[in-house]
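Work through the exercises below with the model open. Try each task before you read its solution.

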Number of protein chains: 2
Amino acid sequence: MAPLMEKGGVYKVAVIGSGNWGSVATKIIASNTIKQSIFHDDVRMWVFEETLPTGEKLSETINKNHENCKYLPGIYLGSNVVADPDLENTVKGADMLVFVTPHSYIKGICKRLAGKIKPEAKAISLIKGMEVKKEGSCMISKLITEVLGINCCVLMGANIANEIAEEKLSEATIGYREDQEVANRWLQLFATPYFLISIVEDIEGVELCGTLKNVVALAAGLVDGLEMGHNTKAAIMRIGFKEMRAFSKLLFPSVKNSTFFESCGVADLIATCFGGRNRKVAEAFARNRGKRSFNDLEEGVLQGQKLQGVLTAQELFEVLIDRGWEDQFPFFITVSKICTMQLPPRSILQCSSVLNSTQLEF
Amino acid sequence: MAPLMEKGGVYKVAVIGSGNWGSVATKIIASNTIKQSIFHDDVRMWVFEETLPTGEKLSETINKNHENCKYLPGIYLGSNVVADPDLENTVKGADMLVFVTPHSYIKGICKRLAGKIKPEAKAISLIKGMEVKKEGSCMISKLITEVLGINCCVLMGANIANEIAEEKLSEATIGYREDQEVANRWLQLFATPYFLISIVEDIEGVELCGTLKNVVALAAGLVDGLEMGHNTKAAIMRIGFKEMRAFSKLLFPSVKNSTFFESCGVADLIATCFGGRNRKVAEAFARNRGKRSFNDLEEGVLQGQKLQGVLTAQELFEVLIDRGWEDQFPFFITVSKICTMQLPPRSILQCSSVLNSTQLEF
């Protein structure tokens with residue numbers, strides 16, 4: 001496939017983030033911009049600059065080797081990917097902004113970008129998590145829209161990054177609000193023969209699926225560590241899935257049941273509860289009988305990557321207490337308390353009977 | 001716990017079947033009949049008589065040791081379980097009939113029992129599968145009702161038998177039609193602190209979940225054998241789950257979406273696609289690149305147990321062709337054709353893109 005050197009294209013794409021998932025997303029996008037005339041070939045990727053043990057800058061090695069040797073070693077990103085350590089320069093003139101940073105950085109990044117992006121630019125968030133505020137929780141897509149004043153979609157799904165990097169068949173879901181045309185443009189940017197995308201008009205449902213499933217994955221990992229077998233794991237996942245739906249619908253009555261049957265729902269739940277790192281650390285936590293903290297285990301198991309589920313469990317806990325919903329969500333409350341070592345790992349097996357007897361119906 | 005020797009009880013229970021799942025079900029039931037005064041203590045279990053290598057009869061060893069040494073070794077069934085090789089004697093005077101035989105035997109058994117059971121007896125089926133007839137498919141619960149003229153519920157769920165035998169936490173779903181009181185009585189008979197039951201008024205939905213998930217598990221096993229990873233497996237399971245819903249609702253418009261969120265739905269799908277024997281044999285099939293037939297592999301991997309999924313896939317194929325629905329169910333058709341070696345294992349990866357582009361909506 002020869003690159004179309006002369007092609008200028010209409011839409012210029014910038015990716016904000018260059019971790020594991022950010023690098024994979026950039027690789028996918030770069031393979032599409034070069035093939036489709038509606039996009040500008042070059043994809044600019046913001047790199048939080050690091051100096052590698054060799055003394056080289058991360059952004060420089062990416063531009064030299066077209067590979068992110070730290071967060072996605074061994075994968076060719078595309079010669080049309082330009083790594084840029086300057087955040088403001090990355091988004092300059094960009095029409096499509098892809099946000100894929102750790103969720104604790106997104107607010108600061110948006111504030112730095114305010115007033116410095118094209119007013120008609122569109123955004124998409126690949127970030128899992130919520131901002132918890134006194135006046136209630138706020139989804140990341142909403143935060144981006146509020147701070148930057150632009151439309152923001154989300155992309156979530158059963159997307160373990162390294163498997164997509166190897167071009168193994170995967171699916172994902174784009175959630176949008178009202179503007180389907182914009183959602184279709186994001187679909188064009190992301191869809192490949194090995195990365196199948198569907199779009200649904202339920203941004204909160206899609207985003208909450210992507211966020212909450214990490215909490216269920218912690219519970220699944222606990223069950224693995226307790227060596228309870230397939231039935232128990234499936235039961236705990238089902239109960240967690242039920243609370244995901246119930247919580248999403250309480251928070252946003254517009255959330256659709258059908259969203260939970262999409263890749264962002266049941267499929268992401270499955271992939272994360274069997275393959276993700278939240279599961280992995282929670283399994284280690286249960287095997288240590290809750291005697292080593294998650295923070296401690298994270299360092300050993302994940303080697304520097306942050307664990308999203310523990311953070312989300314705490315955010316969720318605050319929302320549930322703040323709204324007085326704790327009795328309706330015994331599963332979420334139990335996972336949160338296990339993470340903070342207020343309850344032992346085995347208590348995950350008790351919350352299920354509580355839930356079953358209360359017969360929550362949504 | 002001392003057995004209540006004098007207790008006569010109202011409802012007499014008979015279990016028709018004594019394989020792996022039948023023996024576990026009998027153990028659960030026997031632990032409940034002895035504790036609850038509405039049930040007669042004794043549970044009579046029909047045993048398809050076999051002579052063991054020792055020369056002893058299977059039924060005799062069960063009655064002597066209170067253990068099914070062939071299909072559930074090492075598990076105490078309860079001293080109130082009576083193994084009986086005589087089918088008609090087993091059901092004599094029984095008020096509650098639990099059917100848990102291989103699905104190919106059920107029709108013959110019902111015909112033998114017709115006219116020989118209490119007219120007011122109630123039945124429950126734990127059997128997965130369909131009867132395919134020229135005039136359309138027939139669920140097992142309906143077959144029991146038609147041949148015996150009695151009410152029949154179903155019990156399905158994420159129930160890998162050996163794990164429940166070890167009293168590991170599990171859930172199940174009872175599906176009923178109209179008569180909730182009967183469903184509640186079955187719940188009383190089956191529910192234990194480690195076996196959590198919910199009831200739903202959607203007998204066809206529950207039964208079809210239990211039946212169709214075995215076909216999805218074959219696909220999941222193929223993906224395992226092809227070493228495609230978590231995302232692909234989750235995607236294939238999701239697509240299969242989608243066709244399960246679509247097919248169930250086409251066949252019975254009364255089927256509810258909510259049923260698929262119960263243990264019989266998403267949880268059974270998960271347990272079966274990760275822990276079941278359909279998955280296991282399909283994985284071996286894909287690793288052999290489809291060069292050894294399922295029949296051949298079954299013998300090696302399962303040592304005499306029959307593989308439900310392959311049978312169901314063929315029944316499903318006949319129904320789909322008969323009704324002209326094959327274009328709407330590319331996943332089911334592909335699995336069927338892989339089972340009969342008309343397509344190679346890898347073709348499971350293609351059917352997903354077809355489905356995605358047709359955007360089936362249910």
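**Exercise 1.** At what angle do α8(A) and helix α11 (residues 277–287) of chain A pack, and how far apart are their axes?

*Solution.* A note on the source: this is a predicted model, where local features need pLDDT of at least 70, side-chain atom pairs count only at pLDDT 80 or more, and totals for chains, interfaces and linings use all residues. Residues are numbered from 1 along each chain as its sequence is written, chains are lettered from A and ligands numbered from 1 in the order in which they are written, and side-chain values use heavy atoms, without hydrogens and water.

Step 1. Find the helices, which are DSSP runs of H or I with at least four residues, numbered from the N terminus; strands are E runs of at least two.

Step 2. Read the geometry. The angle is about 40°, and the axes lie 7 Å apart. Axes are lines fitted to C-alpha atoms, for helices over the stretch in contact, and angles run from 0 to 180 degrees between N-to-C directions.

Step 3. Classify the pair. α8(A) and α11(A) are therefore oblique to each other. Under 35 degrees counts as roughly parallel, over 145 as roughly antiparallel, 65 to 115 as roughly perpendicular, and the rest as oblique.

Step 4. List contacts (heavy atoms within 4.5 Å). From α8(A), the residues include N214(A), A217(A) and L218(A). Those they meet in α11(A) include N278(A), R279(A) and A282(A).

**Exercise 2.** Where is C153(A) placed, and what separates its C-alpha atom from that of I203(A)?

*Solution.* Step 1. C153(A) lies in strand β8 (residues 152–156) of chain A.

Step 1. C153(A) counts as buried because its relative accessibility is 1%.

Step 2. C153(A) and I203(A) are 50 residues apart along the chain, yet their C-alpha atoms are separated by 6.8 Å. I203(A) is also one of the residues that C153(A) touches.

Key:
Buried < 20%, exposed > 50% of the residue type's maximum accessible area, 1.4 Å probe, protein only. Lists of a residue's contacts leave out its neighbours within four places in sequence.
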